[in-house]
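Please look at the structure shown here and follow how the parts of one chain meet. The reading below starts from the contact between domains and ends with a helix.

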Amino acid sequence: MYSKEILDIRWRLLVFFILFGILLVGTIALRPFVGELLGISSREIDELPEFVRKIVGDLSALNRLETDDEYYLYSQWQGKNMGQFLPICALLLVIPLFCREEEKKTLYFLLARFPRRKIFWSKIAASFSAILSLLVIFALAAPAMMNLAGFSVGFQNSFLILVQQVLALWFFFGFFVFLSVVFRDQLKPILWGILFVLALPMAGLLPRFSWINPYPYLCGVSVLNTGGIDWAYSFGMMIIGAAFLGIAAILFEKKEF
Amino acid sequence: MGIHLEKGLLFDRVKKTYRNGVKAVDGLTLNIPKGCVHAFLGPNGAGKTTSLKAALGFISYGGTVSWDGKPVEAMRHDIVFVPEEKRFYEHWTLVETLRICSKLDKRFSLQRAREYFDFFELPMKKRIRGFSLGMKTSLYLSLAFSTEAGFLILDEPTSGLDPIKRDDVLEIIRRQVIDGKTVLYTSHIIPEVERIADTFSILQHGTLVYNGTLDELKERFRVFTFSMEEWGREEAPKGVIVTEQRDQVTVLTDNEQAISAWNKKKECFSEIPTLDTFFQLTIRGKRYV
C-alpha cells in the first residue's frame with residue numbers, strides 16, 4: 001500500500017525536488033552578489049518612513065548577511081526559500097490524500113479491501129516520509145553544496161534548524177490531513193489550507209498573539225539568535241500536530257462513504 | 001425477531017436514515033445463502049446501493065449485517081466489491097495497475113488479471129483516464145475476478161458494456177458460483193437477472209417487497225387482466241397488487257382463493273408472471289392491504 005501511495009504522489013514530489021534544486025543552486029549562486037544587492041536595499045530602507053523601517057526590522061541582520069556565509073545560508077535557504085515554501089509543499093502533497101480519492105470515488109477500491117486504520121496510516125506514512133525526505137535532503141544538501149562552492153559553512157545550525165522544521169512540518173501536516181479527511185472534495189480543503197498558511201503570520205502581527213505565527217520557528221530564527229532549539233515551541237508543535245492527526249484518524253474511522 | 005442463519009450474508013433489521021431525513025433502508029431482513037447469485041432489484045433510490053454500503057461497512061446503520069456469522073471487518077479478506085461508479089486511478093496505466101495491485105493485495109492473481117485484460121481487449125499502456133465507460137467497467141471487473149474471495153459484491157456490473165461483453169460478463173459471474181463463490185449484485189436490467197440469478201429480492205422505498213427464486217414466483221403468483229368494467233364488479237382481496245392502464249386492470253396476486261376463483265372466470269385473462277411483469281407490477285401497482 002505504501003508503494004501505491006508513493007506512486008500517487010511521485011510527480012508532485014518530482015516537481016518539488018526540481019524546484020528546490022533550482023532554488024538551492026540559485027541561492028548559492030547569488031552569494032557573491034549579495035553585498036551589492038544589500039547595499040542598494042540598505043540605502044533604500046534608510047530613506048523609508050519610520051513605521052516601515054520598524055516592519056523591516058533589525059538592519060544589522062542585513063550587514064551580517066553580507067559578511068557571514070553561514071548566516072546567509074541559514075536565513076536565505078532554510079529560513080526563506082525552502083522554509084517558507086515548506087507548508088505550501090505539504091499542502092499540495094497532503095490535501096489530495098483522502099479527499100481526492102473520495103471525490104474521484106477511488107477510495108471504494110481501498111475501503112472494500114483493507115481496514116480503514118491500515119488505509120489511513122499507510123497514506124500518512126507514505127506522504128510524511130516523502131516530504132520529510134525532501135526536507136532532510138535539501139536541508140543538509142545546502143551546507144554541503146556551499147562548501148563545494150568554496151564557502152566555509154558548518155552543519156550544526158543546519159541540523160538544529162532542521163529539527164525545528166521537521167516539527168513545524170509535522171504541525172502543518174497534521175492540520176492538512178485533518179482538512180483532507182473532513183472534506184469530500186479537493187477545492188475547499190485547499191482554500192482552507194491556504195487561508196491557514198496565510199492567517200497564522202497575519203494573526204501573529206498582533207503583539208499579544210505573536211506566538212501564533214510559526215514562521216520564525218519554522219525558519220530557525222531562535223536557532224540563529226540563541227544557538228539552540230526552542231524546546232517549548234517544539235513541544236507545542238509536536239502536540240498540536242499529533243492532535244490534528246489523531247482527530248483525523250478518528251474522523252476517518254467513523255466517516256460515511 | 002430476525003433470521004438466525006449462520007452461513008452467507010445476513011441483513012438483520014438493517015436501517016439507515018441519512019442526515020437529511022431520507023430513510024434509505026427501513027428494517028431490511030434478508031439472508032443470502034452461500035454459493036448463489038443473488039440479485040437486488042429496485043427502482044432508483046430503493047436502497048440497493050445503501051444496503052450494499054451497509055454490508056461493506058462504508059456507512060453507519062442500525063441493525064446488523066453478518067458474513068458467515070462474522071462482522072464485515074473480520075471477513076474483508078474474503079470480499080471483493082465493484083462499485084456503481086467504476087472509477088479507478090485514472091493516472092495509472094494497466095501495467096502500473098498490475099504492479100500495484102499485486103503488491104497491494106495478496107489475493108490478487110497477476111496471471112488471471114492479464115488473461116482478463118486480454119479477454120476484454122484492454123490497452124496495457126494507455127492511461128485509464130482515456131478509457132471509455134465500458135473499458136472502465138471491464139477493468140474493474142477484471143480486477144475483481146482476479147482477486148481470490150468468497151463473496152463478490154457487484155453494483156451494476158454490466159453498466160456501459162456492449163451486449164456481447166455483457167453476455168460474457170454474465171457468463172463469468174455464473175462461473176464464479178460454480179467455483180463456490182457467492183455473488184450479490186444489483187441491476188436494472190431484468191432479463192440479466194432472469195438469466196443468471198438463483199435468487200432475487202426487490203426493494204422499494206428501503207423495504208423488502210419480495211425475496212425468493214424465479215421458480216417460486218412463477219409457482220406462487222398469477223397475473224389477471226380484467227376490463228375496467230369487470231374489475232368494478234370485483235371486490236379486491238387482501239394482498240393483491242393492482243395497476244390500471246387505459247381500460248384494463250392488471251392484478252398480481254398470490255391469494256390462492258382469488259387465483260382459484262378468477263381462473264374459472266372467462267371474463268379475465270390469466271398468465272404466469274415473468275420477472276419483468278412481476279417487477280413492474282410490484283413497483284408501479286397499488287397494494288390492497
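In this predicted model, no salt bridges are counted between domain 1 of chain B and domain 2 of chain B. The rule does find two residue pairs in polar contact across that interface, both at pLDDT 80 or more. On the side of domain 1 of chain B that touches domain 2 of chain B, at least two residues each are supplied by α7 (190-196), β8 (199-204) and β9 (207-212) of chain B, and the largest share, four residues, comes from β8(B). By residue class, that side of domain 1 of chain B divides into nine nonpolar residues, three polar and one charged.

The two domains bury about 1,000 Å² between them, and 73% of this area lies on carbon and sulfur atoms. As for the bounds, domain 1 of chain B covers 7-87 + 142-212, whereas domain 2 of chain B covers 216-288. The contact draws 13 residues from domain 1 of chain B and 12 residues from domain 2 of chain B, while the domain centres, taken over C-alpha atoms, are separated by 30 Å.

A further element to consider is helix α1 of chain B, residues 48-56, which is largely enclosed by the rest of the structure because eight of its nine residues are buried. The buried residues of α1(B) are Lys48(B), Thr50(B), Ser51(B), Leu52(B), Lys53(B), Ala54(B), Ala55(B) and Leu56(B). After α1(B) comes Gly57(B), which has a positive phi, near 75 degrees.

How values were computed:
Residues numbered from 1 in each chain as written. Chains lettered and ligands numbered in written order. Predicted model: local features only at pLDDT ≥ 70, side-chain atom pairs only at ≥ 80, totals over all residues. Heavy atoms only, no water. Domains from an automatic or database assignment. Contact = heavy atoms within 4.5 Å. Buried area = accessible area lost by both parts, 1.4 Å probe. Salt bridge = Lys/Arg side-chain N within 4 Å of Asp/Glu carboxyl O. Polar contact = N/O pair within 3.5 Å; in protein donor to acceptor, adjacent residues only side chain to side chain. Nonpolar A, V, L, I, M, F, W, Y, C, P; charged D, E, K, R; others polar. Buried < 20%, exposed > 50% of the residue type's maximum accessible area, 1.4 Å probe, protein only.
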